[in-house]
Amino acid sequence: MGKGADLNWSWPQGSGQRLSMTVALLLLAGAGLAQVPVAATATAVSDTPATAAPVAASAAAMAQLESVAQGRFRKASVRVGEIIEYELTSDHAPALEIIFPDSATSFAPFEYVSRRYRPTRTREGRSLDQAVYRLRTFSLDSVQTLSVPVTVLRGRDTLLLPTPPAQVRLQPTAPVAAPAGLPALRQNLQLRPVAQRFNYPYWLAGLAVLLLLAGGLVLGFRQRLRRRYRRYRLRKNHAYFLAQYARHVERFTLSRSLTNMERAITLWKNYLSALTNFNITSLTTREIVARYHHDPAVQQALTLADRVIYGNQFSEEDAETDPIFDLLRQFAERQYAVVMTQEGE
């Protein structure tokens, strides 16, 4: 009994030690598992400032770019149609490339007139750009606002940043209040003399109509007008030939000089050349006779002329030289009649 009692007492003591060891292991495991979320949370908390830093930096850069240029009017008020100067300045870092607006930019409600600018000045690590725009407005708003875009080049990117709005007040020119009473009007119906002016439009229109009519007549009757003009020239040339030819014949009759005979024959050749459009001045007597189909008058007259001039068979009392001029003149008149018939008369 005693042994059995001792045995029963010792077993529960060993079991308690094992139980305490098991509980201790479970507590250590639970403590290890509990430390994992804490580390993860700490890591997440430590990573949050590193991610927010670029966002804050970009926001600061955008805020700096938005204030890169400032614009202002040099006058507080302006009249309608009056030119006002708008000054645009930019104080920026030297590495920043900025392009001011040009004449193609919209300056509404203002109109662009001209501009002048100064070269970029860099001092103490800052660059200053300045341009003055001359504008005018025809808008009737009492207060007018202007904001222009400024181009900023950042590598391959292009940013259009508007300047802060600048305002100018419109100065009225018309009287605000109407007079209390209308002025008395005096009626005057007396006519005043008006200077007469030359009516250029009507005269120019009339001249244009006459030119059109003349052009139509010329186009419609140009063939007939050309024939009439040619017949007029033929009659005029024929009359001139007869007068000159008679003068040479008269001189030969008075002087009996072979020079006057040669001049008369040369005049006859020139006239026939112009009349028939064929030059016979360089032809011999035989060629001229053949040209006119051996006409008896031409053959007889030229043969007698050659014998007298080149054969030295001439005497002042010789009456055979007188028919030469009559035969040549008669042949010229027959040729003139043929040509005039061909021209339609």
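Predicted model: local features only at pLDDT ≥ 70, side-chain atom pairs only at ≥ 80, totals over all residues.
**View 1. Helix H7, end to end.** The 21 residues of H7 should span 30 Å at 1.5 Å a residue, and its end C-alpha atoms lie 32 Å apart, so the two values agree. Just beyond H7 comes glycine 344, with a positive phi of about 105°.

**View 2. The buried residues of H7.** Look here for Ile324, Phe325, Leu327, Leu328, Phe331, Ala332, Gln335, Tyr336, Val339 and Met340, the buried residues of H7. Their packing partners are H3, H4 and H6.

**View 3. Helix H3 and its cover.** Arg231, Leu234, His238, Phe241, Gln244, Tyr245, His248, Val249 and Phe252 are buried in H3. Helix H4 (258-276) and helix H7 (322-342) are included in what covers these buried residues. After H3 comes arginine 256, whose phi is positive, near 55°.

**View 4. H4 meets H6.** Here H4 packs with helix H6 (residues 296-309) at an angle of about 145°, their axes being 11 Å apart, and the crossing is left-handed. On the H4 side, the contact is made by Leu258, Met261, Glu262, Ile265 and Trp268; H6 brings Val298, Leu302, Ala305, Val308 and Ile309. Sorted by class, this contact has 9 nonpolar residues, no polar ones and 1 charged.

Methods:
Residues numbered from 1 in each chain as written. Heavy atoms only, no water. Buried < 20%, exposed > 50% of the residue type's maximum accessible area, 1.4 Å probe, protein only. Helix = DSSP H or I, 4+ residues; strand = E, 2+ residues; numbered from the N terminus. Contact = heavy atoms within 4.5 Å. Axes fitted to C-alpha atoms, helices over the stretch in contact; angles between N-to-C directions. Left-handed = near helix turned anticlockwise from the far one by under 90°. Nonpolar A, V, L, I, M, F, W, Y, C, P; charged D, E, K, R; others polar. Expected span 1.5 Å × (residues − 1).
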